[in-house]
Amino acid sequence: MPDAAQVSTELRYVIDESKALRRHPYELVVSERRWRTFGVTVKADGSVVVRVPVLEREDYPQVVGWLVKQAPRIAGLVAQQRATAPAHPVKRLIPGEAFDLLGASYRLRPVTGYEPVIEVDYTGSGNKFLMADRATLARRGARLLVDWYVEQGQIYAEWELDHWVRRMGLAGRVPDLRVRGRDMGRTKWGRYLGREHRIELNWQLFQLDKRFVQYVIVHELAHATRPAERWHHGPLWEGEMDRVLPHWRVVREAMTEPGRHVWQGDVRAGGES
Ligand SMILES: [Zn+2]
């Protein structure tokens with residue numbers, strides 16, 4: 001019986017020669033386990049993983065034939081992953097860089113000695129600027145903007161919350177609400193903490209249109225009305241969503257694309273000198 005490392009080297013050569021996967025970067029995993037089936041999966045970054053058991057040399061063409069047959073399916077999965085993969089921008093803290101807040105776009109304008117450090121300038125006619133004190137921006141960098149999102153998000157979310165708690169019959173036990181200035185991590189836009197009766201929203205959310213913020217708040221409030229439900233997004237939760245926000249599935253779907261492009265606080269050098 002050949003060993004996995006040997007099969008891996010030889011089979012990779014055979015696959016490359018055959019061009020069965022020519023358009024895709026791939027990883028070949030040769031498993032010592034005894035199953036006889038081949039498997040192919042596509043990772044979030046669009047790369048392909050091929051899994052095979054330890055094989056005899058005469059079985060290599062069988063793998064290649066199978067990969068050729070799988071090619072349309074693999075191409076479909078790769079295209080799907082690429083279309084939905086995160087594509088978060090890296091920004092520069094220079095004049096004119098755009099920052100979105102609740103569906104509106106503002107151009108950064110560093111000003112020397114600006115008070116109160118950072119705010120949207122609503123005084124201009126039609127021009128939307130995010131004014132920022134130059135020295136503070138240089139010192140604090142992206143953190144200044146993240147804190148601004150947290151602050152603006154908190155004000156807006158509390159206003160929305162007030163409306164929805166009454167509609168959803170939660171007026172007697174309004175959940176605590178906190179906007180967090182951290183990485184989204186796995187929790188994505190927000191979460192409801194049952195024990196604390198608290199909704200936490202991530203600052204990135206407030207770059208999106210108001211209807212998406214609204215959806216996330218209602219989503220979390222629906223958890224808050226059904227704390228005893230066994231499934232996180234079970235029938236009781238869905239029933240509450242259908243009742244309060246009948247088009248919530250459409251909104252959730254529409255959120256995927258802008259959600260891929262929110263700024264996560266990454267900046268590149270090249271600021272003002
Ligand atoms: Zn949820």
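**A loop residue and its surroundings**

Tutor: Happy to! This is a predicted model. Let's begin with A20, which sits in the loop between α1 and β1.

Student: Is A20 buried or exposed?

Tutor: A20 is buried, because 21 other C-beta atoms lie within 10 Å, and the cut-off for buried is 20 or more.

Student: Which residues does A20 touch?

Tutor: Leaving out residues up to four places away in sequence, A20 touches I15, V64, L67, V68 and A71.

Student: And how many residues apart in sequence are A20 and V64?

Tutor: They are 44 residues apart in sequence, yet their C-alpha atoms are 6.5 Å apart in space.

Student: OK, on to α1. Which of its residues are buried?

Tutor: V7, L11 and I15 are buried in α1. They cover an arc of only 55° around the axis, so they are on the same side of α1.

Student: What is exposed on the other side of α1?

Tutor: There you find A5, Q6, T9, Y13 and E17, which are exposed.

Student: What covers the buried residues of α1?

Tutor: The cover includes β1 (26–31), β3 (48–53) and α2 (60–84).

Student: How far apart are the end C-alpha atoms of α1?

Tutor: They are 20 Å apart. Helix α1 (residues 4–18) has 15 residues, so at 1.5 Å a residue it should span 21 Å, and the two values agree.

Student: What follows α1?

Tutor: K19 does, and its phi is positive, near 60°.

Student: Let's switch to the strands. In what order do they form the sheet?

Tutor: The order is β1-β3-β2, in an open sheet of 3 strands with mixed pairing. The edge strands are β1 and β2 (39–42), each pairing on one side only. On average, neighbouring strands are turned by 20° against each other, direction ignored.

Student: In which sense do β1 and β3 pair, parallel or antiparallel?

Tutor: Parallel, over 6 bridges. For instance, E27 has V49 in β3 as its bridge partner.

Student: Where do the helices lie on all this?

Tutor: α1 lies across β1 and β3, and runs at about 145° to β1. α2 packs on the sheet too, touching β2 and β3, and its direction makes about 20° with that of β2.

Student: Last one: which domains is the chain divided into?

Tutor: Domain 1 (4–84) and domain 2 (142–260). Their centres, taken over C-alpha atoms, are separated by 41 Å.

Conventions: Residues numbered from 1 in each chain as written. Predicted model: local features only at pLDDT ≥ 70, side-chain atom pairs only at ≥ 80, totals over all residues. Helix = DSSP H or I, 4+ residues; strand = E, 2+ residues; numbered from the N terminus. Expected span 1.5 Å × (residues − 1). Buried ≥ 20, exposed ≤ 12 C-beta atoms within 10 Å, placed from the backbone. Arc of directions from axis to C-beta. Contact = placed C-beta atoms within 7 Å. Domains from an automatic or database assignment. Pairing = 2+ DSSP bridges. Axes fitted to C-alpha atoms, helices over the stretch in contact; angles between N-to-C directions.
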